[in-house]
Amino acid sequence: MEISTLAVYHCLAFVWYFFISYSVTNIRTEERPSEVFFYGGQWKYLTVLNLVLQAVFYGVSFLADVLRLIKKLRCAKCAVSSRDLLFSVLAFPVSTFVSISFWTLYSYNRELVYPKSLDGVIPLWLNHAMHTAILPFAVLEILALPHRYPAKKKGLILLGFVSFLYISWVLWIYSVTGEWVYPLFALFSPAGLAAFFAISLAIIISFYNFGEFLNRIIWGQSKFCFSLLSM
């Protein structure tokens with residue numbers, strides 16, 4: 001894509017995610033069903049955190065495009081590096097994990113992740129915006145332009161650290177309220193829950209590797225180097 005086209009796309013994607021994030025975080029608390037407790041607000045849900053992450057990513061991407069258009073190359077290189085790190089380590093694997101894990105569990109038993117009572121609070125289009133549209137957005141970003149992935153060890157350490165932070169947040173909420181963020185967790189023993197978290201981490205790491213694989217297959221090293229030289 002031309003830089004100007006990318007700038008328009010990233011701007012529209014940023015506006016979209018900002019709008020969705022705003023819509024979700026401003027759902028009136030008095031409308032929440034009994035299954036949803038107040039502590040932590042919307043910020044206890046990985047889905048909502050991912051929406052904010054995507055808004056930040058597309059905002060940084062739009063900034064990088066604008067800086068390249070106005071030939072601020074030194075600043076553009078910094079923005080591009082931040083964009084690529086955000087996408088490779090977080091934006092792609094987290095979006096893929098949220099979408100696939102949500103619909104897999106929803107198909108098995110929706111009450112484990114998204115109780116039916118939420119249908120009266122969150123409209124269908126917003127549910128799909130949060131859990132369905134995020135995946136094609138992530139794939140389209142890979143198709144639109146090449147991204148530089150960090151060294152494998154660095155990338156996995158960063159992804160593992162962020163995953164650890166979220167798991168710690170979930171456990172903290174349970175220690176304070178006695179309620180699990182997702183009803184699914186109540187089905188496990190402590191050992192079973194640890195195994196579930198470990199498997200989830202392995203899955204999200206596989207999505208990281210899959211994104212890196214797609215990026216390499218679609219663009220190749222030579223095209224990526226050319227994109228850097230043409231900034």
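The protein chain exposes about 12200 Å², and carbon and sulfur atoms supply 71% of it. Accessible areas come from the Shrake-Rupley method with a 1.4 Å probe. The model is predicted: local features need pLDDT of at least 70, side-chain atom pairs count only at pLDDT 80 or more, and totals for chains, interfaces and linings use all residues. Residues are numbered from 1 along each chain as its sequence is written, and side-chain values use heavy atoms, without hydrogens and water.

The protein chain holds 7 helices and 0 strands. Helices here are DSSP runs of H or I with at least four residues; strands are runs of E with at least two. The order from the N terminus is α-α-α-α-α-α-α. The radius of gyration, taken over C-alpha atoms, is 19 Å, close to the 17 Å that the globule rule gives for 231 residues, so the chain is as compact as a globular protein of that length. That rule is 2.2 Å times the number of residues to the power 0.38. The C-alpha trace spans about 55 × 35 × 30 Å along its principal axes.

Of the 231 residues, 43% are buried (under 20% relative accessible area, 1.4 Å probe, protein chains only). Among contacts (heavy atoms within 4.5 Å) with a separation of 6 or more, 80% join residues 24 or more positions apart.

An unreviewed UniProt entry annotates "transmembrane region" at several spans, including residues 7-25 and 45-64. Such annotations may be inferred rather than shown by experiment. Residues 7-25 are 100% helix, with end C-alpha atoms 27 Å apart. Residues 45-64 are 95% helix, and their end C-alpha atoms lie 29 Å apart.

Notes
Buried < 20%, exposed > 50% of the residue type's maximum accessible area, 1.4 Å probe, protein only.
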